[in-house]
Amino acid sequence: MPLHHQLCGILGLLLHDPAVDAASEIAEGLSLLQHRGQDACGIITCGPKGRFFQCKANGMVRDVFDANSISRLIGGMGVGHVRYPTAGSFNNAEAQPFYVNSPYGIVFAHNGNLINTSSLMQYMDQVAHRHINTASDSELLLNIFANNLQQTGKFRINEEDIFTAIGGVVSQCKGAYACVAMLAGFGIIAFRDPNGIRPVGMASRKAASSGEGMDYIFASESVVADACGFSDWEDVKPGEAVIITRNGISRRQVATPATFAPDIFEFVYFARPDSVIDGVSVYRSRMAMGDVLAEKVQQVLTENNLTVDVVIPVPDTSRVAALNLAQKLALPYREGFIKNRYVGRTFIMPGQQMRRKNVRKKLNAMALEFANKNVLIVDDSIVRGTTSKEIVQMAKDVGAKKVIVASCAPPIRYPNVYGIDMPSRKELVAHGRDENSIARAIGADLVIFQTLSDLVESVRHLNTGIPTFDCSVFTGEYVTGGVDESYLQHIEDLRSDNNRLKLNTSELQSKGDGVFTNGHFTGNTTPTNGSDDTVGLHNTWKSN
């Protein structure tokens, strides 16, 4: 039984000089990960005598972390997180990082999703006797880690104890997870699931304050390290745990070998183009996607006796591929859609009506580039088709003769269970439809999809050491196993737009009492009086 699923950005920072506060740099790093989540954000730092300081809330990084908020976050190491809105997760009770005071004081941030939460919840209740206060599997992961550490029974723990505890986590938990943790007065930790589905890496620099010693950073994407002056970026390996203290770095493979299969959708859509993930330049992979898509477009246009006058990208993610495609086909490339940068990503908006309304706010079509032309619109992917339908209509409204849509990704026909909150199968425009039916559904004259083999090769040729990718949204094959029809049905029930609206309503009406029944979360555990929602740790958000 799944809990709530989040594709997020995570960050951990340890400064060599504990007297220098890390919060401002963590906030800067989170702003560079804002594309991974615009719904909520949080930072917890560790100050003198191991005391934690927390600030988290719904909203963008720039809004939550003003000068006043940052000034209250004391300490030379910390963990940060950004989250996008998912089924039911619209209150700051589920904003991360999470915290437990026992054992030792642990802070935890996570990107991904577990697929065996039902049995884990039962274990937490019946064996570990730990209370899970939210419907986030990130809190569940934290408590499993904490419970494993508790088993040492030690007054003080060492790296060996931590590696043993994380080894227990990866053997107990199935799914996708990239995690960053912090132990009070000890250091920061990162680990990754055995398949390496979700990304996290690390980098270092000479200590900015004293010139002696090293500062260290963990982050979802390398762009954070680049912008903050860190170098020697290195991905945390699948199934690996890394512990960093002011005395140095310890690394260990804590999981049994599994198929390395990073999520290919990171390269298609989520990651920034200036990031390098698992040794692959996201920018170069998108260039390659455009090159091979050009060949498919040429073939399909010839078969349909069609010509194209102009190539126009849907900003921003598809720009790189669209430019390469246009160059390969010797066609004009034009920025026909102008984007309002202050509106969030539409496919992760909660509610179909909100998404439809938002597309027109987000993009404006310039008639000059469309009028009386056969237009090839290039997009990174087509999910629900809501955005694509609006975009096609916008192009026709300003005078396009024919509108052909080319997708850098194959048809998305299956839900993602590894941390991307995609809709149910019936909401996916490609589910149960061939390409002609998809074209009719979005109002296009023609739709052209990248082949899966071409997409995989576009990424893999930049690092042949990656044996395969998680392509489950295209194939329905889930690399971890353990995903059957009943699981998919439950995850679809949870994620459907109707259930989101119902859950939101119930949260507003709830008096704060929520329970797990037969592995299913019902109700809401969030205090409704504005009090702090992380038990035992004060939230400085909006403090006077």
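Colleague: What should I know about the model, and from which number are residues counted along each chain?
Modeller: This is a predicted model, where local features need pLDDT of at least 70, side-chain atom pairs count only at pLDDT 80 or more, and totals for chains, interfaces and linings use all residues. Side-chain values use heavy atoms, leaving out hydrogens and water, and residues along each chain, as its sequence is written, are numbered from 1.

Colleague: How many helices and strands does the protein have?
Modeller: Both are DSSP runs numbered from the N terminus: helices are H or I with at least four residues, strands are E with at least two. On that basis the protein has 18 helices and 23 strands.

Colleague: How are α9 and α10 oriented to each other?
Modeller: Axes are lines fitted to C-alpha atoms, for helices over the stretch in contact, and angles run from 0 to 180 degrees between N-to-C directions. Helix α9 (residues 282-303) and helix α10 (residues 319-329) pack at about 45 degrees, with axes 7 Å apart. Angles under 35 degrees count as roughly parallel, over 145 as roughly antiparallel, 65 to 115 as roughly perpendicular and the rest as oblique. The two helices, α9 and α10, are therefore oblique.

Colleague: In which hand does α4 pass α5?
Modeller: Helix α4 (residues 117-128) packs on helix α5 (residues 137-150) at about 45 degrees, with axes 11 Å apart. A crossing is left-handed if the near helix is turned anticlockwise from the far one by less than a right angle, and right-handed if clockwise. For α4 and α5, the crossing is left-handed.

Colleague: Which residues does leucine 325 contact?
Modeller: Contact means heavy atoms within 4.5 Å. Leaving aside neighbours within four places in sequence, leucine 325 touches Gly290, Leu293, Ala294, Val297, Val311, Leu376 and Val378.

Colleague: What share of the 544 residues count as buried?
Modeller: The count covers the 544 residues of the protein. The buried share is 61%.

Technical notes: Buried means under 20% relative accessible area, exposed over 50%, partly exposed in between (1.4 Å probe, protein chains only).
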